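Subject: Handover of a structure, with findings

Dear colleague,

Please find below the structure that I am handing over to you. My notes on what was found in it follow directly after.

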Amino acid sequence: MEAWNAAWRERALPELAARDWDLLVIGGGICGAGILREAARRGWRCLLLEQRDFAWGTSSRSSKMVHGGLRYVAKGQLALTRDSVRERQRLLGEAPGLVQPLSFVMPHYRGGFPGPRVFGGLLSLYDALAGKRNHLFYPLQQLRYLAPGLREDGLLGGTRFFDAVTDDARLVQRVLAEARSDGGEALNGMRVVELLREADQVVGVLAEDTQTGARYPLRSRAVAQATGAWADRLRTPGNGRIRPLRGSHLLLPGWRLPVAHAFSFMHAEDGRPVFVFPWEGATVIGTTDLDHDGALDDDAAISNAEVDYLLAACAQQFPQALVGRADVLATWAGVRPVVSDGAVGLKPSDEKREHALWVEPGCVTLAGGKLTTFRLLALEVLRACAGFVGKTVDDRGCAVFRAEALPSMASLSPAQQRRLAGRHGRQLGEVLRRIEALGEACVAGTDTLWAELAWAADGELVLHLDDLLLRRTRLGLLLAEGGRAELPRIRALCQPRLGWSDERWLQEQANYLALWQRCYSLPPA
């Protein structure tokens, strides 16, 4: 297959725009990628258009959890929980090294809610839906060994259970790779300006190449919108609306607050659940849940009030750690596209997190939904599009990620082999070829290999430096100051592969560092 990069994009775009498509997918997050994957496997002629970069929005700035939806059990939404648990288990089995089991601990305090008995009952139902028991209560003496450093005033013990964690942006990349292997196509930097209509039916889109300003009309039998918080922008107004809610996170160096489990607890200020968990060798504190009033086309950023809220949560649960602003390595804020009925006075955390499909002739808009169930959401969208395309859709139960024989990686540790196979899937051979050429060195103490950076620059459609450092890899989060100290070496490796002039590199670097300072660091105090 031809290299998937900016040079390919420039050559292919006019020809792709001239084709007649069965399905155009708008939006390059996890739901859009899932729709493209399921359409491609069925032989549909399908193209995905993303206005910025793949996973640029919520799908690179989530809480990284692939969970079964324990909160849905408490609300009696058992069918939704069952689906979520089964999809979680599917992803754990199909993408080890990318979707990983994660141990959670819920500490219980005297007089607190939920107590061990109530929480244990919820988990018993949760486990029954998953088909196996997977939780245990630890009294205080045992919990001290499992979770040192927890606040002990009134602590009765803790319940341990399991969910899963992922690198959300890499998950999107792998799903897109599967779709492309089955004949689907995907382009970033393509902003859909409007839907094209004939006789009150959507027949395609007008899209603008954000790199050149050129506009292209593309025709299709159906259009599927999976644009997240932007869902209201193109569709014909109707029932329901999107309420954008911001969820922000702090990232600490792993050594500053080392945790072996995810800790789930209720914030003393408002009773909302908060998490502290390990991710990519660092420690995450999250999340908030606030109305987002900023412009959707701008990167979201954490506020000082959110920083204080999350640091207070950390101090509440790990008082001896004395974590403060100076310890924060990076931040990120994502905007959740929550479907709201517009009820007055409803707090963000009280909004239902159910998805909706809005259908008009020739166009289906998906609103809301969760990362874990992206496959089921994709099937639902395809079924709604099938009549426009003249095809039928059944759930064949096929794997999202096709199993392939792994090439020999004898020189790498088992952990590295698992990680690389999970993140790169069918492109693993390309990464290994670059490891042969460049060696097995990692970037500045992270788990990311220099060879992975080289592959991303060569074959993962990087248009801008933040695509490379914030989504293809997570170096912009995991390294101090967004990786500023490593930029000269990154430049030497990647600039020739990206085909950028010296002037272009310097401009990209300036833009990236300004973006990191504005949206991925702490706001000015």
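Helix α4 covers residues 78–94, and at 1.5 Å a residue its 17 residues should span 24 Å, which agrees with the 24 Å between its end C-alpha atoms. The expected span here is 1.5 Å times one less than the number of residues. Helices (H or I, at least four residues) and strands (E, at least two) are DSSP runs, numbered from the N terminus. The buried residues of α4 include Thr81, Ser84, Val85, Arg88, Leu91 and Leu92; buried means under 20% relative accessible area, exposed over 50%, and partly exposed in between, with a 1.4 Å probe and protein chains only. An α-helix has 3.6 residues a turn, so residues three or four places apart point the same way.

This is a predicted model, in which local features need pLDDT of at least 70 and side-chain atom pairs count only at pLDDT 80 or more, while totals for chains, interfaces and linings use all residues. Residues are numbered from 1 along each chain as its sequence is written, and side-chain values use heavy atoms, with hydrogens and water left out.

Helix α7 (residues 168–181) can be checked in the same manner. Its 14 residues should span 20 Å at 1.5 Å a residue, and its end C-alpha atoms are 20 Å apart, which agrees. Of the 14 residues of α7, 13 are buried. The N-terminal end of α7 is capped by Asp167, with a side-chain oxygen 3.3 Å from the backbone nitrogen of Ala169. After α7 comes Gly183, which has a positive phi near 105°.

I turn next to the aromatic residues. The whole structure holds eight aromatic pairs, where rings of Phe, Tyr and Trp (its six-membered ring) pair if their centres lie within 6.5 Å; planes under 30 degrees apart count as stacked, over 60 as edge-to-face and the rest as tilted. One of these pairs, Phe104 with Phe161, is stacked, at 5.3 Å centre to centre and 25° between the planes. This pair links distant parts of the chain, since Phe104 is in strand β4 (residues 99–109) and Phe161 is in strand β6 (residues 155–166), 57 residues apart. Phe104 and Phe161 are both buried. Phe263 and Phe318 form an edge-to-face pair, with 5.4 Å centre to centre and 85° between the planes. Here too distant parts of the chain are linked: Phe263 belongs to strand β12 (residues 262–266), and Phe318 to the loop between α8 (304–317) and β16 (330–340), 55 residues apart. Phe263 is buried because its relative accessible area is 3%, and Phe318 is buried because its value is 4%. One aromatic cluster consists of Phe104, Phe119, Phe161 and Phe275.

Strand β6 also contains Thr159, which counts as buried because its relative accessibility is 2%. The side chain of Thr159 makes a polar contact of 2.7 Å with the side chain of His108. A polar contact is a pair of N or O atoms within 3.5 Å; within protein, one must be able to donate a hydrogen and the other to accept it, and residues adjacent in sequence count only if both atoms are side-chain atoms.

Some backbone values may also interest you. Most residues other than glycine have a negative phi, and most peptide bonds are trans. The peptide bond from Phe113 to Pro114 is cis, with omega near 0°, and Pro114 is in the loop between β4 and α5 (116–130). The bond from Gly286 to Thr287 is likewise cis, with omega near 5°; Thr287 lies in the loop between β14 (282–286) and β15 (290–291). Ala444, a residue other than glycine, has a positive phi near 50° and lies in the loop between α11 (428–438) and α12. Glu481 is not a glycine either, yet its phi is positive, about 55°. The location of Glu481 is the loop between α14 (475–478) and α15 (487–498), and Glu481 counts as partly exposed because its relative accessible area is 47%.

Finally, Pro14 lies in helix α1 (residues 6–18). Pro14 and Tyr216 are 202 residues apart in sequence and 8.1 Å apart in space, C-alpha to C-alpha.

With kind regards
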